[in-house]
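My entries follow in the order I made them.

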Amino acid sequence: MATAIEKSLIEILSKANWVGILTGAGVSAESGISTFRDPDGLWSKFNPMELASIDGFMSNPERVWDWYQYRRNVIHSTKPNAGHYAIAEMQKMFPYFNLITQNVDRLHQTAGSDDVLELHGNIIENHCFQCKKPYKQEIDLSSKEIPRCDCGGMIRPSVVWFGENLPHKVLAQSELVAQKCDVFFSIGTSAEVYPAANLPIIAKKNGAKVIEINPNVTAISYIMDYVIRDTSAETLPYIVEELKKRPTN
Ligand code: APR
């Protein structure tokens with residue numbers, strides 16, 4: 001299926017000066033991590049407002065802590081897939097390249113991507129719910145006990161919860177990438193959550209070629225210049241191989 005990629009897309013990419021990529025949970029699906037909104041996704045089994053929101057944590061901190069311990073254990077036993085590795089390779093193939101992710105699993109970094117713009121934070125780091133101080137101690141993944149900060153506050157994962165602002169510097173950098181790049185990929189995201197979903201729209205408005213890699217239609221498929229209805233682990237290595245056959249500028 002990946003061979004259905006149009007030659008013109010490879011042509012455009014081989015001449016691109018600045019490539020931006022936005023990834024979502026679909027990129028980690030082939031590593032065995034559930035997405036959120038697929039039929040068997042996390043939000044079909046759990047209530048996001050109870051588990052991924054400030055109110056949820058305040059009303060039942062143990063339930064939220066447990067859920068993140070469960071997710072950390074899942075992530076701890078997974079590895080990056082071919083899609084993550086291909087994106088890490090792409091980082092070296094263009095004069096300018098930025099990876100923006102909604103994912104909190106850090107599989108991009110494990111695969112070798114650096115300077116990753118984490119729009120929704122990450123599940124590996126933690127900080128105090130009260131005073132916000134980073135919590136540097138190792139988390140025992142089997143513990144049901146919520147660690148405490150020196151100030152007495154409860155420790156929480158450093159992910160962005162529903163209703164919380166995204167890290168403003170990361171968002172500003174991501175919007176700049178969308179405004180300036182020549183080619184913008186939207187990979188493995190349903191594009192249901194803003195402001196992340198706005199980035200491909202900003203890129204399109206600023207003249208970039210926008211490309212969607214997703215087995216399914218999304219809320220922003222209609223704006224795409226290219227749509228590849230396949231998985232990221234299938235498609236991205238193929239694109240990298242095709243690019244290697246052509247000199248990039
Ligand atoms: N390759 C590429 N795309 C895939 C694959 C795959 N192997 N498997 C599934 N997908 C696609 C699905 O078709 C879907 O469009 O990935 C997308 C996953 O969408 P969501 O589950 O909504 O995940 P995401 O878009 O990352 O969610 C955004 O919502 O709940 C919040 O904070 C959470 O960061 C998350 C945000």
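I began with H108, which lies in helix α7 (residues 107-110). Helices here are DSSP runs of H or I with at least four residues, strands are runs of E with at least two, and both are numbered from the N terminus. The model is predicted: local features need pLDDT of at least 70, side-chain atom pairs count only at pLDDT 80 or more, and totals for chains, interfaces and linings use all residues. Residues are numbered from 1 along each chain as its sequence is written, and side-chain values use heavy atoms, with hydrogens and water left out.

I looked up the accessibility of H108 and found it buried, with a relative accessible area of 1%. The cut-offs are under 20% for buried, over 50% for exposed and in between for partly exposed, with a 1.4 Å probe and protein chains only. I then listed its contacts, meaning heavy atoms within 4.5 Å. Not counting residues up to four places away in sequence, H108 touches T23, V27, H84, I87, L99, T101, N103, S113 and V116. F184 is 76 residues from H108 in sequence and 17 Å from it in space, C-alpha to C-alpha.

R106 is partly exposed, at 23% relative accessible area.

Next I took S174, in helix α8. S174 counts as buried, at 0% relative accessibility. Leaving out residues up to four places away in sequence, I found that S174 touches I100, L117, L119 and L199.

The axes of α8 (residues 168-180) and α9 (residues 198-205) come within 7 Å and cross at roughly 35°. Axes are lines fitted to C-alpha atoms, for helices over the stretch in contact, and angles run from 0 to 180 degrees between N-to-C directions. The contact is made by S174, E175, A178 and Q179 of α8 and L199, I202 and A203 of α9.

Which residues of α9 are buried? I noted L199, P200, I201, I202 and A203. Their cover includes β1 (18-23), β2 (96-101), α8, β7 (183-187) and β8 (209-213). Just after α9, G207 takes a positive phi of about 90°.

In the loop between β7 and α9 I found P195. A cis peptide bond joins Y194 and P195, with omega about 0°.

I turned to the spaces last. On a 1 Å grid over the protein atoms alone, a cavity is a set of points where a 1.4 Å probe fits but cannot get out; a pocket is an open set with protein on both sides within 12 Å along at least five of seven lines; lining residues have an atom within 4 Å of a point. Grid points are joined across faces, edges and corners, and a volume is the space filled by probe spheres set on the points.

I found one cavity of 30 Å³ or more. The largest cavity is lined by I5, K7, I10, Y238, E242 and R246.

The largest pocket holds about 890 Å³. Of the 48 residues that line it, G24, A25, F36, R37 and N103 are the closest to its centre. The elements giving two or more residues to this lining are α2 (26-29) and α5 (61-76).
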